[in-house]
Amino acid sequence: IRPDCRRAGGPLEQARHPSGNPMMAQPSDRPLRLRLADAAATERLGALIAGRLRIGDFIGLQGGLGAGKTTLMRGLVAALPPAGAANEVVSPTFTLAQTYETTGLMVTHMDLYRIESAEELIELGVDEALDLGAVVVEWSDRMPEPPEDRLVIDLTIADTDGRTAILSAFGTWCARMRGLGEAARGEGLVP
């Protein structure tokens, strides 16, 4: 880890966004901005992230309706071994959580859009899911106390067709972010 890549809990990690939302705190390293020309590019980003997932990883997905959160998740799950597994990825807006069993890693996909209280968030079982595998949370900005180690992906609809993704790394994700940036350039996702 480079010296400017501070650990979770360091001076930058404690900073809060003016909104007070801890998900918007300053990342540990410079965010990575990507241009996603279409749904296939969004799925490729998901696949790049899949190759870096470990048990205990938390990925927060932020963005409005139709921004591509579930599309990114579809690419992530499809890239996990066995490649192209018969996991149909759908938004867990109504079920709140969906688990995907892959070889060596369980991935839990959660959606906080309809969560209205801290009690509901606790019942959802984020901590338990992190103990068993990786967790990807849509509408993660609704989480009052996100894990210190996390990757946050903010997806927005671009003026033209396509999306913009801003990836912010916190804690242990900082070192993996650099490798992700290099891989994204290889896929033509960096503007």
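Me: In which strand does Asp-154 lie?

Reply: The model is a predicted one. Its secondary structure comes to six helices and seven strands. Among the strands, the one that holds Asp-154 is β6.

Me: Is Asp-154 buried, partly exposed or exposed?

Reply: Buried means under 20% relative accessible area, and exposed means over 50%. Asp-154 has a relative accessibility of 25%, so it counts as partly exposed.

Me: What separation do the C-alpha atoms of Asp-154 and Leu-61 have?

Reply: Asp-154 touches Gln-62 and Gly-63, among others, when residues up to four places away in sequence are not counted. Leu-61 is 93 residues from Asp-154 along the chain, yet the separation of their C-alpha atoms is 6.1 Å.

Me: Which backbone oxygen lies 2.8 Å from a polar atom of the side chain of Arg-150?

Reply: Arg-150 also lies in strand β6. At 1% relative accessibility it counts as buried, because the cut-off is 20%. The backbone oxygen at 2.8 Å from a polar atom of its side chain belongs to Pro-147.

Me: What share of the contacts with a separation of 6 or more comes from residues 24 or more positions apart?

Reply: Read along the sequence, the pattern is α-β-α-β-α-β-β-α-α-β-β-β-α. Of the 191 residues, 49% count as buried. For contacts with a separation of 6 or more, the share from residues 24 or more positions apart is 66%.

Me: How far apart are the end C-alpha atoms of helix α2?

Reply: Helix α2 has twelve residues, 39–50. At 1.5 Å a residue it should span 16 Å, and the model agrees with this, its end C-alpha atoms being 17 Å apart.

Me: Which residue caps the N-terminal end of α2?

Reply: The backbone nitrogen of Ala-40 has a side-chain oxygen 3.3 Å away. That oxygen belongs to the capping residue, Asp-38.

Me: Which residues of α2 are buried?

Reply: What covers them includes the strands β1, β2, β6 and β7 and the helices α3 and α6. The buried residues are Ala-41, Thr-42, Leu-45, Gly-46, Leu-48, Ile-49 and Ala-50.

Me: How many of the eleven residues of α3 are buried?

Reply: The buried residues of α3 include Lys-69, Thr-70 and Thr-71 as well as Leu-72 and Met-73. Their cover includes α2 and the strands β2, β3, β4, β5 and β6. Helix α3 is largely enclosed by the rest of the structure, because its buried residues number eight.

Me: Which helix gives the most to the lining of the largest pocket?

Reply: The largest pocket has a volume of about 390 Å³. Its lining takes at least two residues from each of α4, α5 and α6. With four residues, the helix that gives the most is α5.

Me: How many charged residues are in the lining of the largest pocket?

Reply: The pocket is lined by 23 residues, and those nearest its centre are Val-126, Asp-127, Met-143, Glu-145 and Pro-147. By class, the lining has twelve nonpolar and three polar residues, and its charged residues number eight.

Me: What is the phi of Trp-139, which is not a glycine?

Reply: Trp-139 lies in the loop between β5 and β6. It is buried, with a relative accessible area of 14%. Its phi is positive, at about 60 degrees.

Methods
Residues are numbered from 1 along each chain as its sequence is written. This is a predicted model: local features need pLDDT of at least 70, side-chain atom pairs count only at pLDDT 80 or more; totals for chains, interfaces and linings use all residues. Side-chain values use heavy atoms; hydrogens and water are left out. The expected span of a helix is 1.5 Å times one less than its number of residues. Buried means under 20% relative accessible area, exposed over 50%, partly exposed in between (1.4 Å probe, protein chains only). Contact means heavy atoms within 4.5 Å. A polar contact is a pair of N or O atoms within 3.5 Å; within protein, one must be able to donate a hydrogen and the other to accept it, and residues adjacent in sequence count only if both atoms are side-chain atoms. On a 1 Å grid over the protein atoms alone, a cavity is a set of points where a 1.4 Å probe fits but cannot get out, and a pocket is an open set with protein on both sides within 12 Å along at least five of seven lines; lining residues have an atom within 4 Å of a point. Grid points are joined across faces, edges and corners, and a volume is the space filled by probe spheres set on the points. Ala, Val, Leu, Ile, Met, Phe, Trp, Tyr, Cys and Pro count as nonpolar, Asp, Glu, Lys and Arg as charged, and the others, Gly among them, as polar.
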